[in-house]
Amino acid sequence: STLASGSYDNTARLWDTVSGRLLRTLEGHTSYVESVAFSPDASTLASGSHDNTVRLWEAGSGTLLRSLEGHTSYVLSVAFSPDGSTLASGSFDSTVRLWDVGSGRLLRTLEGHTARVSSVAFSPDGSTLASGSGDGTARLWDVESGRLLRTLEGHETLVSSVAFSPDGRTLASGSWDKTAQLWDVGGGALLRSLEGHTGMVFSVAFSPDGSTLASGSEDGTARLWDVGSGRLLRTLEGHTGGVTSVAFSPDGSTL
């Protein structure tokens, strides 16, 4: 029942989704808050900022728990592991960093991308991390060792969003090349390319049952795709500007 938002006013805010009431404002970042994520138990909020830091907040009180420092440029994406013990952050400095949530200790730095890391996502079992980058690739990493498992090449330009299917077998990637792509996680093969948007794809998300993919685009629409066939199910129109983020409700009935 709580929504978190990050803003170019340098704050993160927590809102009650039933009443719309502002619960608290989290202040401390000295530049734009680009990405926010709740821990799986909703007790902790992570925020990534253009001040090059990640901050961890106690969601209930708004207390700053710790500031994670190490990136040398903007933090563009943050994600918790499914068990909540590890946080991943992707940065304009072309790296992904993995942090111990309890202590704030840097566990490892994942290097290989040659441009900014725009999006990070854990697999449902927490063993694999996906990253999407301005170098046009998505990469899959072994979380325990930090080893690069495979590089997924197929997009023509920046990969803005990555998401695992609920069963962890498929990865979706959205790109500024106006497409979303579906990949086989185990082998790295491109399964299908979803074409139809007339602007950059900013965000992708799987429905809870994994049968549908949503994509949000610069063209002002969200689109729903059948994952099995790649068929366009419907186009959702109404926004008057680019759709920068999409998310399903937990029961999959609402986008």
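In this predicted model, strands β12 (residues 117–122) and β13 run antiparallel and are joined by 5 bridges.

How many residues of strand β13 are buried? The count is 6 of the 6 residues in 128–133, so the strand is largely enclosed by the rest of the structure. Thr128, Ala130 and Gly132 point one way from β13, while Leu129, Ser131 and Ser133 point the other way. Residues on both of these sides are buried.

Strand β18 (residues 180–184) is joined to β19 by 4 bridges, and the two run antiparallel. Among the residues involved, Gln181 has Ser193 in β19 as its bridge partner.

The loop between β17 (170–175) and β18 holds Lys178. Its phi is near 80°, which is a positive value in a residue other than glycine. Lys178 has a relative accessible area of 40% and is partly exposed.

Ser94 is another residue to look at for its backbone angle, with a positive phi near 75° although the residue is not glycine. Ser94 is in the loop between β9 and β10. Is Ser94 buried or exposed? Its relative accessibility is 15%, so Ser94 counts as buried, the cut-off for buried being under 20%.

**Aromatic pairs**

The structure holds 2 aromatic pairs. In one of them, the ring centres of Tyr8 and Tyr32 are 3.9 Å apart and the planes are at 5°, so the pair is stacked. This pair links distant parts of the chain, 24 residues apart. Tyr8 is in the loop between β1 (2–6) and β2 (12–16), and Tyr32 is in the loop between β3 (22–26) and β4 (33–38).

The rings of Tyr74 and Phe92 have centres 5.6 Å apart and planes at 55°, so this pair is tilted. Tyr74 belongs to the loop between β7 (64–69) and β8 (75–80), and Phe92 to the loop between β9 (86–91) and β10 (96–100). The pair therefore ties together parts that are 18 residues apart in sequence.

The table gives the accessibility of the residues in these pairs.

| Residue | Relative accessibility | Class |
|---|---|---|
| Tyr8 | 52% | exposed |
| Tyr32 | 34% | partly exposed |
| Tyr74 | 35% | partly exposed |
| Phe92 | 38% | partly exposed |

**The chain as a whole**

Which elements make up the protein chain? It has 0 helices and 23 strands. The strands described above, including β12 and β13, are among them.

The protein chain has 255 residues and a radius of gyration of 17 Å. A compact globule with that number of residues would have a value near 18 Å, so the two agree. Along the principal axes, the C-alpha atoms fill a box of roughly 45 × 45 × 30 Å.

Of the 255 residues, 51% are buried. The accessible surface of the protein chain is about 11,200 Å², and carbon and sulfur atoms account for 45% of that. Taking contacts between residues at least 6 apart in sequence, 37% join residues at least 24 apart.

Technical notes:
Residues numbered from 1 in each chain as written. Predicted model: local features only at pLDDT ≥ 70, side-chain atom pairs only at ≥ 80, totals over all residues. Heavy atoms only, no water. Pairing = 2+ DSSP bridges. Buried < 20%, exposed > 50% of the residue type's maximum accessible area, 1.4 Å probe, protein only. Phe/Tyr/Trp six-rings, centres within 6.5 Å; stacked < 30°, edge-to-face > 60°. Rg over C-alpha atoms; globule rule 2.2 N^0.38 Å. Contact = heavy atoms within 4.5 Å. Areas by Shrake-Rupley, 256 points an atom, 1.4 Å probe, with all protein chains shown as cover.
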